[in-house]
Amino acid sequence: MSDKKQQVSRRQFLNYTLTGVGGFMAAGMLAPMVRFAIDPVLQPTAQGDFAAVAQVDEITTEPTRVEWTIDQVDGWYESEVTKTAWVYKQEDGSILALSPVCKHLGCIVNWAGNEEYPDQFYCPCHGGRYYKDGENVPNTPPSAALDVYQQKVKDGTLYLGKAEPRKEA
Ligand code: FES
């Protein structure tokens with residue numbers, strides 16, 4: 001057995017020291033970059049939030065346009081976005097909140113927007129039509145019903161969330 005001591009040469013000492021310090025500095029520089037890159041992914045989005053849009057006792061059986069704003073975060077860009085819904089009470093007293101976005105090419109539909117069809121939603125872009133319940137009128141350009149907003153009622157106030165496509169029956 002050799003009792004020769006393990007000697008660390010000056011060159012080895014410098015190599016170890018510089019590698020350690022270099023690695024430490026590189027980690028210090030990379031950590032903020034990685035954090036910066038993935039930060040938006042870690043942020044909660046406001047899309048699932050509900051917004052107060054109307055008092056329930058003011059909602060009638062006639063579709064009425066309501067508007068509200070939400071804070072939208074897109075990466076590092078924050079902006080205020082105005083949302084719109086057509087809201088009315090159905091025959092059974094339940095509330096229906098329809099998206100105004102046409103399912104053909106995304107124009108905005110209006111209730112009674114064409115005097116020939118006073119009981120329908122009308123899309124001015126290509127003459128798309130929807131019945132009062134949001135179902136698309138056959139043989140008009142839209143091929144699907146208007147999206148429906150998630151909703152909840154609390155203390156007499158209607159809150160709307162995301163608009164979602166209808167589930168197939
Ligand atoms: S976008 Fe509405 S009918 Fe074409």
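1. Leucine 160 touches Asp49, Phe50, Ala51, Val53, Trp68, Ala85, Val87, Ala97, Tyr149, Gln150 and Gln151, where contact means heavy atoms within 4.5 Å and residues up to four places away in sequence are left out. A word on the ground rules: this is a predicted model, with local features needing pLDDT of at least 70 and side-chain atom pairs counting only at pLDDT 80 or more, while totals for chains, interfaces and linings use all residues. Residues are numbered from 1 along each chain as its sequence is written, and side-chain values use heavy atoms, with hydrogens and water left out.

2. Now the cores. The largest nonpolar core has 14 residues, and Leu158 and Leu160 are among those with the most contacts inside it, as are Val53, Val66, Trp68, Ala85 and Val87. Two or more residues each come from β1 (51-55), β2 (64-74), β3 (77-89), β4 and β9 (157-164), and β1 gives the largest share, 3 residues. Apart from this core lies another, of 12 residues, including Trp86, Leu96, Leu98 and Val109. For the record, a nonpolar core is a set of buried Ala, Val, Leu, Ile, Met, Phe, Trp, Tyr and Cys residues joined through side-chain atoms within 4.5 Å; buried means under 20% relative accessible area, exposed over 50%, and partly exposed in between (1.4 Å probe, protein chains only). Strands are DSSP runs of E, at least two residues long, numbered from the N terminus.

3. On to the strand pairing, which requires at least two DSSP bridges between two strands. β2 and β3 run antiparallel and are joined by 11 bridges, with tryptophan 68 standing opposite lysine 83 in β3. These two strands form a hairpin with 2 residues between them, and glycine 75 in the turn has a positive phi of about 65°.

4. β3 also pairs with β4 in the antiparallel sense, over 4 bridges. Tryptophan 86 has leucine 98 in β4 as its bridge partner. The hairpin of β3 and β4 has 5 residues between the strands, and glycine 93 there takes a positive phi near 90°.

5. The aromatics deserve a look. Rings of Phe, Tyr and Trp (its six-membered ring) pair if their centres lie within 6.5 Å; planes under 30 degrees apart are stacked, over 60 edge-to-face, and the rest tilted. That rule gives 3 aromatic pairs. Tryptophan 68 and tyrosine 149 make an edge-to-face one, 5.4 Å centre to centre with 70° between the planes. Tryptophan 68 lies in β2 and tyrosine 149 in β8 (residues 148-154), so the pair ties together parts 81 residues apart in sequence. Tryptophan 68 is buried at 7% relative accessibility, and tyrosine 149 is buried at 6%. Trp86, Trp111 and Phe121 form one aromatic cluster.

6. Two charges sit over rings (NZ of Lys or CZ of Arg within 6 Å of the ring centre and within 35 degrees of the ring normal). The charged end of arginine 129 is over the ring of tyrosine 117, 3.7 Å from its centre. Lysine 152 lies over the face of phenylalanine 50, at 4.3 Å from the ring centre.

7. Last, the cysteines. There is 1 disulfide (cysteine sulfur atoms within 2.5 Å), joining cysteine 107 to cysteine 125 with S to S 1.9 Å. Its S-S torsion is about -95°, so the disulfide is left-handed. Cysteine 125 counts as partly exposed at 36% relative accessibility. Cysteine 102 is buried at 5%, and cysteine 123 is buried at 2%.
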